[in-house]
Amino acid sequence: MKEQLLILGSLFYSHLSLSLVALLVGTLISIPLGIWVSHQKKWQNLILGLSGVIQTIPGLALLAIMVPILGTLSDWSEANFNYKFSSIGTLPALLALILYSLLPILRNTVTGIAGIDEDLIEAADAVGMTPKQKLFKVELIMAMPVMFAGVRTATIWVIGLATLATPVGAPSLGNIIFSGLQTKNYPLVFAGCIAAALLAIFFDGLMGLLEKSWQKRNWKTLKGILFFFLLLYSFIFYKGAKDIFFKDENKIIIGTKAFTEQYILGDILKIIIEEETPYKVDIRKSLGSNLLFDALRNDQIDIYVTYSGTIWSTVMKEKGLPPSSKALLSKVTKYVENKHNLKVAARLGFENKYAFAMTKKKASKLGIKSIDDLKNFSGDLKLGTDYVFLDRLEWKNIRNLYNIDFQKKIVMDPTLMYESVHENQVDVITAYTSDGRIKKYDLLILEDDKKAIPPYHTMLLLSKRAFTKRPMLLKELKRLNQSISLETMQDLNFLVDEKGKSTKEAAKTFLSNLKKRP
Amino acid sequence: MIELKNITKAYGGIKVVNSIDLTIPEGELLVLLGESGCGKTTTLKMINRLIQPSSGEVKIDGRNNTDMPPYELRREIGYCFQKIGLFPHMTVADNIAITLQLLNWERSKKKERVIELLELTELDPKVFYHRYPKELSGGQAQRVAVARALSARPKVILFDEPFGKLDPLNRSHLQKEIIKIKEKVSFTGVFVTHDMMEALLLGTRIAIMKEGSLIQIDTPKNIFNSPKDDYVASLIRAPKEQMKQLEATLQGRNG
């Protein structure tokens, strides 16, 4: 409990500092920009239009797209100036949040200034104000309430959106929301949402108070609030600078994707490393799946667990039918080790691949044993699947090789698939083979005779920095080679998904069993 | 002295002010009179460059009004307009002293001047000094605006229908006050109005404009007695007829 509170506290702080820095920079950009376009009518529509377009991009997509953009910029900067920067983590999150904060502030600055009584502008000119004096003595003061409203809107938006910074590698309250949703730990999800909402309400209220005290000329309150902000920002920048310039080089960073198995494996790795080596470990949970390989390649994370089929299809971008299990594994290993100087530290021993699954009852009633058998029912059955399967190579291969389709294909959150097939809402699901719920709901995995689905051997990848400069790491992690059977992994996932255990407890269960083995 | 030399303002080919020549000697209060849209306000605003003329030039005491930046010019010219335009976030005192502040007057001198001006415009400094514009009546606000126009002791003051929105009683008070102020403080003034009575009452001379051109310029007496054409005559006739009608009505009632 104490540890959980500590984690919540640190996520709360990350969330707060990320949002506040984004808001500060956003305000510093958009207020001058807004003032400028107020006096440049021909640019006004263009700038407001552009910031409006940014606003229409869904928050998650805006955050995610920052990563490849920054990656490209970083490569370019490395080629030209020999300077690389991080394309995951705080930087992309900050950029996206800054962009998101622009519109409300910009728009309100422009409307605020445009809405000023013309008589006051005429009076300001007539008494002999220079354009600058007019701006500071009249325009800005008159537009202030509307501009304030813009900053307050931006505050609420940014604090809310910051929960989506998790998948790009910036810790935020989104971490517990994402992992809580995956592991069905709803109190955790609730805690994350409440904390983010409280933050938003608090800062919105504080801004409201600031505005009110300004309107009422209550300088004491005004100074108090400004002083609070000054202290808060000083601390954030001081701590930020310290983290940047005095980076803890002994820290090992583990990245995980956003599902239960990955969280458990992350915790297992953390415990082993911290017990057996002098290194400290940070886990970056719930990172975007496409991000991890690049992050590892750029030494932004040190370790992550991936699957051979994922590398083969999404990183190597191979198309067509997969080669045999052995050939694919050696191709993938060669690719990561020779082409990218990474290291396959261990193959954990189980596969987590896509598989069509049905309840045993329905399968035997319909006489279905393999994917091939589905073609007799093509068009009668309903498929439940995750967000990505239908766009992946697996589905393309299956359709081509087996010539099957479904009456309806329902996309749903992966955590809901198993229950839906169990409750007959769908007939077939695209299960993950290591999921504990296959066993719980007594599902039948349909045979893939024609080998349309590539093998998904679980592999532990190490960054170049990690295996060259931390030899102890490789030595310890090698012990995990072939240490987790499919059944073991299913059981561990089951513990978390269905028994309400934490991922850490599952990890400890595994490790205590591992020690008992000879 | 203010000189307008062959001054024209055109918007998209339409001349709203058409080659006007006008000389206003020092100390005179010239009234620009005409119906709305005749170009009188445009003419006025070209003097302090709130509007740029399309051609022609304006000289004040022999200096071209484009010789200095517009804001410096305007600090030397008082301006008082119908919409009043007091800054709502400043006190009465700060509003009156705004030009003085722009000219970097000392604090004590500013305060002294503000009190002097409040007294001149018959506003009790003890009551009004710290008030905000929203706490003033229309007449009080316009007095503050007059005080603001007078603050930096300008040699030239421009009035753009300053009393147009006031009720008759307040209007007549303020008209009398302008006459009183004019006796105490020396300035050259241009006063725009469409009200012939106001023009006759205030003007040293009256310049009558129609469709952008100057029709007649003369003393109130001469305009009243010998209007140049039918248009001017019709402008004079209105107040005359009103007076007669009023007299007749009142007599009829008494009888």
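Helices (H or I, at least four residues) and strands (E, at least two) are taken as DSSP runs and numbered from the N terminus. The model is predicted, and local features were therefore considered at pLDDT of at least 70 and side-chain atom pairs at pLDDT 80 or more, whereas totals for chains, interfaces and linings use all residues. Residues are numbered from 1 along each chain as its sequence is written, chains are lettered from A in the order in which they are written, and side-chain values use heavy atoms, without hydrogens and water.

Chain A contains 21 helices and 10 strands, and its C-alpha trace spans about 90 × 55 × 50 Å along the principal axes. Of the 518 residues in chain A, 50% are buried (under 20% relative accessible area, with exposed meaning over 50% and partly exposed in between; 1.4 Å probe, protein chains only). Contacts (heavy atoms within 4.5 Å) between residues at least 6 apart in the sequence of chain A join residues at least 24 apart in 77% of cases.

Helix 10 (residues 260–276) and helix 20 (residues 486–497) of chain A pack with their axes 10 Å apart and at an angle of about 105°. Axes are lines fitted to C-alpha atoms, for helices over the stretch in contact, and angles between N-to-C directions run from 0 to 180 degrees. The two helices, helix 10 and helix 20 of chain A, are therefore roughly perpendicular to each other (65 to 115 degrees; under 35 counts as roughly parallel, over 145 as roughly antiparallel and the rest as oblique). On the side of helix 10, the residues involved are A:T260, A:E261, A:I264 and A:L265, which meet A:M489, A:L492, A:N493, A:V496 and A:D497 of helix 20.

The loop between helix 19 (471–478) and helix 20 of chain A holds A:Q482. This residue, A:Q482, is not a glycine but has a positive phi of about 55°, and its relative accessible area of 49% makes it partly exposed. A positive phi, near 55°, is also found at A:D442, in the loop between helix 17 (437–440) and strand 9 (443–445) of chain A. A:D442 is partly exposed, at a relative accessible area of 41%.

In chain B, seven of the eight residues of helix 1 (residues 40–47) are buried, among them B:L44, B:M46 and B:I47. Helix 1 of chain B is followed by B:R49, with a positive phi near 65°.
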